[in-house]
Amino acid sequence: METDKSKIGSFIFNRSVQGAFYQLITLGLVALGIYYIVTNTARNMMERGLASGFHFLGVESQFDIGMTLIEYSPTSTYFDSFIVGLLNTLLVAGIGILFATIIGFTVGIMRLSSNWLIAKIAEAYVEILRNIPLLLQIFFWYFAVLRALPKPKQSLELYDSFFLNNRGLFIPDTVFGEGSSIIFYLLCLTIIISIGIFIWAKRRQNRTGERFPAFYVSAALILSTFIISLAATGFPVSFEYPELKGFNFKGGVKLIPELVALTFALAMYTASFIAEVVRGGIMAVSKGQTEAAKSVGLKQNLILRLIIIPQALRVIVPPLTNQYLNLTKNSSLAAAIAYPDLVLVFAGTALMQTGQAIEIIGMVMGVYLFLSLFTSLIMNLFNRTMKVDGER
Amino acid sequence: MSTTNKEIGPPVIELGVMGWLRKNLFSNWYNSLLTISGLYLLYILIPPLVNWIFLDANFVGSTRDDCTNEGACWIFIQQNIKLIFYGLYPTEELWRVNFVYLILLISGIYLLIPNLKRKGWVGAFLLIIFPIICVVMLSGGLGLEAVETRLWGGLFLTLVIAGVGIVLSLPIGVMLALGRRSKLPVVSLLCTIFIEIWRGVPLITVLFMASNMFPLFMPEGVNFDKLIRALIGVMFFSAAYLAEVVRGGLQAMPKGQYEASQAVGLTYWRMMALVILPQSLKMVIPAIIGSFIAIFKDTTLVLVIGLFDFLGIIQFVGTNPDWLGFSHEGYVFAAAVFWVFCYAMSWYSQRLEKKLDTGR
């Protein structure tokens, strides 16, 4: 008898048995919860006469979108509106990331300046911008600044080619004439050749220690090919400038005020976070590194290029990509000022018209989820390649 | 030739104000150039701003016609102050909101004053009894007139959403973090999926989901209030972020702490509650407060699903025909209030960080 009891006891108190038991319970509860939600949803949808599934994607959308990067009209399908929204989101994220990086690195380096005033100005920038909600900043740039700009006739202008007014920002457009494709292909070719030169130069330096001015050679190669091919084909690339015709501008590229306000706010806000990332990264390189580099006789610019920047980048890049991801996700605030991004077009208008809440929200969330998971995958690969031997 | 041992001081130019200026602002030609351009930047920014906000501003009056000066028209804020702070909450019931503020203020001050005893009790009161008081006082019950949540608004609503989000998301976040680090594969996988999904999507889609999909999830007849739906969305969203912060703290714990507590025979939950969590949470307090600041700023997004929080109400009063054209004042005021709140939180976290930096 006693042996039986102790057998049961050791069975109950066995770690792995307990673990399996808890896991079964968890799994059961989660499955129950999901089952509850799914049955409720199915019944609710049946009562509202909603068919589930993605058939609605092929149906005519019957609404127009204020800004489209591809052909789009009210006769296009809901799937087209999804693509339009997605491209608009990627556009605003792309421009935003570019400017946020430029401003962020500048401010971050300014904060480390030996000049007291410059460091303080940069600190004030960071402390003010990152403690004010992004949505408020977007509203400010959109409603209080861009909407309050003068009419097209009294536009603010720069060099007669950039115009800013309450209809948006008008910039010159590049027109590619006949023969410009040849230039494009030649450029691609020279870029490939330069990459080859870099690889060869690096290998040669590793082997023999001799240095080769790869940067200057390839820059000269690309520039000269570009200029010669331009001249040979008779300058087919030209600019089309915006012109005031009647009450509005014609020609050039028009950036709608929503886009300008959104990019501006996103870039300024994210830059304040990037500045901190950059500052932290540079400060993480210990002072001994600089001193050691100086003592082996490296020049100041070489110390920066070969010692400080590579080490700082290792620290900077992961949080920097995180900020890029945040910017992309934050671009969904576009919905609040009616910039036609993915959320506004698809989760807003299309959802309102079709009522397919689950499919549409699922697709929108899926896009953002894909972007984040993809980025973290790249980051993990990056961390693996950048890891110094012997580091944990 | 007299050789004196008198110490030769540094040149006058290296001392005092002159020395400081020379060292920090004019050490070489490009530093001088930077200083001068910095000064110029401040010159074109600061004086017009100060003039607009203070010197040329209008403070006294009751209508827009009283705004005769060039600068900001603060009468706009002054006349709408009730809306901005309390939304459409009935005027005769405002004492209830103020009463809640008062309790919060008193216990907050008590917690901030150093060296007072029984802080734990005050904290427990704030976390357990205070929320019940809030629900009764704010929404009605026990003889108090009911106030529907659609009347809630302004800074009050912002504080409610941020407060609930912060208080409820921390325990959920801790549980999720423990779950993700669990040795049980099913638990760990489920927690990881949950965390990554919420962290991977923008809050705005979470709110859209909360307002459009939650009603579909519920059985017939069960209808959540719009505010509660938003609260649930905000809570899960911030819990996922907090979970990652807490996980960072758990990972930073030396392995010896786990082994030692197991060696003295503590069970899993006791080990976590008594040894691991107190230490690892302390380590990540700055990051937790950083998340709180983010939640606070993110509450502004609820305006896209039709709740009038602080920013929403300021946007709304700006569309009142009597007060058109004063959006600048509204935004500057909102920015100032948000800034004070966020900056206070980050200042407090820095203070706490220094204070808790014991040992090591």
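Chain B holds 16 helices and 0 strands, where helices are DSSP runs of H or I of at least four residues and strands are runs of E of at least two, both numbered from the N terminus. The radius of gyration of chain B, taken over C-alpha atoms, is 27 Å, well over the 21 Å that the globule rule (2.2 Å times the number of residues to the power 0.38) gives for 360 residues, so chain B is more spread out than a compact globule. This is a predicted model, in which local features need pLDDT of at least 70 and side-chain atom pairs count only at pLDDT 80 or more, while totals for chains, interfaces and linings use all residues. Residues are numbered from 1 along each chain as its sequence is written, and chains are lettered from A and ligands numbered from 1 in the order in which they are written.

Along its principal axes, the C-alpha trace of chain B spans about 100 × 75 × 40 Å. Of its 360 residues, 33% count as buried, that is, they have 20 or more other C-beta atoms, placed from the backbone, within 10 Å of their own. An automatic or database domain assignment divides chain B into domain 1 (12-55) and domain 2 (81-89 + 147-356), and the centres of these two domains, taken over C-alpha atoms, are separated by 41 Å.

For chain A, the assignment gives domain 1 (2-47), domain 2 (78-172 + 241-386) and domain 3 (176-240), with 46 Å between the C-alpha centres of domain 1 and domain 2. Chain A also contains paired strands, a pair being counted if DSSP finds at least two bridges between the strands. Strand S2 (residues 162-165) of chain A runs antiparallel to strand S3 (residues 168-171) of chain A, joined by 3 bridges, and a hairpin of 2 residues links S2(A) to S3(A). In this pairing Leu164(A) stands opposite Leu169(A). S3(A) also pairs in the antiparallel sense, over 3 bridges, with strand S8 (residues 253-255) of chain A, where Ile171(A) faces Val253(A).

The two chains meet through 45 residues from chain A and 42 residues from chain B, with contact taken to mean C-beta atoms, placed from the backbone, within 7 Å. On the side of chain A that touches chain B, the helices that each supply at least two residues include H4 (116-129), H10 (300-330) and H2 (15-47), and H2(A) gives the most, with 11 residues. By class, that side of chain A has 32 nonpolar, 12 polar and 1 charged residues, where Ala, Val, Leu, Ile, Met, Phe, Trp, Tyr, Cys and Pro count as nonpolar, Asp, Glu, Lys and Arg as charged, and the others, Gly among them, as polar.

Note on methods. Buried ≥ 20, exposed ≤ 12 C-beta atoms within 10 Å, placed from the backbone.
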